[in-house]
Amino acid sequence: MSSYAGDTIVTAQAIYEGLWMSCVMQSTGQMQCKSFDSLLVLGSTLQATRALMISGIIVGLIAIFVAAMGMKCLKAFEDDKEKKAKVAITGGALFLIAGLAVLIGTAWYGSLIAQEFYNVLTPTNSKFEFGYALFIGWASAVLALIGGGLLCCSCPRKETSYPPTRSFPNAPPSGGKDYV
């Protein structure tokens with residue numbers, strides 16, 4: 001969203017620019033949006049960020065379905081607990097991949113905004129600050145990473161084989177001292 005970091009503050013309109021469109025909000029509350037006309041006009045950073053966000057969303061949706069199949073409350077794979085755990089771990093790994101894609105995309109776009117903001121050659125009236133969409137993207141990436149990590153750590157422990165216990169003869173318990 002547009003920044004008001006200069007000496008002259010004009011609050012008649014606010015400009016919002018995102019991955020898909022550019023919007024202008026007037027002081028009267030009216031908002032006009034225009035989607036970007038051509039994919040070829042966009043910079044490579046914006047195209048890569050779009051691709052990362054789309055892939056993060058698609059992988060995240062697949063992760064939801066895969067992780068749901070690995071949940072204990074569903075009947076899928078209920079006869080084989082080891083396979084069910086592997087499906088849950090696969091869903092967790094997909095959540096990690098989706099979270100990383102979204103985190104990289106939002107961090108890259110945020111870095112671009114910060115570089116242009118601190119660039120002395122950028123005019124004051126065309127500087128932008130972080131908008132709500134970036135914060136939502138960062139929060140969703142963190143939640144996807146935490147959820148994926150928890151699913152990956154939910155692997156049940158394999159039963160370890162301990163040496164057999166020794167059997168002791170059945171003797172009556174003594175009171176502490178044995179007298180002969």
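The accessible surface of the protein chain in this predicted model comes to about 13400 Å², and 65% of that area belongs to carbon and sulfur atoms (Shrake-Rupley method, 1.4 Å probe). Of the 180 residues, 23% count as buried, that is, under 20% relative accessible area. Residues are numbered from 1 along the chain as its sequence is written. Local features need pLDDT of at least 70, side-chain atom pairs count only at pLDDT 80 or more, and totals for chains, interfaces and linings use all residues, while side-chain values use heavy atoms, with hydrogens and water left out.

Read along the sequence, the chain follows the pattern β-β-β-α-α-α, with helices (H or I, at least four residues) and strands (E, at least two) taken as DSSP runs numbered from the N terminus.

Now to the surface itself. A nonpolar patch is formed by Trp 20, Met 21, Ile 54, Ile 58 and Ile 62, with about 460 Å² of accessible area together. Patch members have over 30% relative accessible area and no salt bridge, and nonpolar side chains (Val, Leu, Ile, Met, Phe, Trp, Tyr) are joined within 5 Å; a salt bridge is a side-chain nitrogen of Lys or Arg within 4 Å of a carboxyl oxygen of Asp or Glu. Helix α1 (residues 44-69) gives the largest share of the patch, 3 residues. Met 21 is found in strand β2 (residues 21-26).

Notes:
Buried means under 20% relative accessible area, exposed over 50%, partly exposed in between (1.4 Å probe, protein chains only). Patches are made of residues with over 30% relative accessible area and no salt bridge: like charges are joined within 9 Å, nonpolar side chains (Val, Leu, Ile, Met, Phe, Trp, Tyr) within 5 Å.
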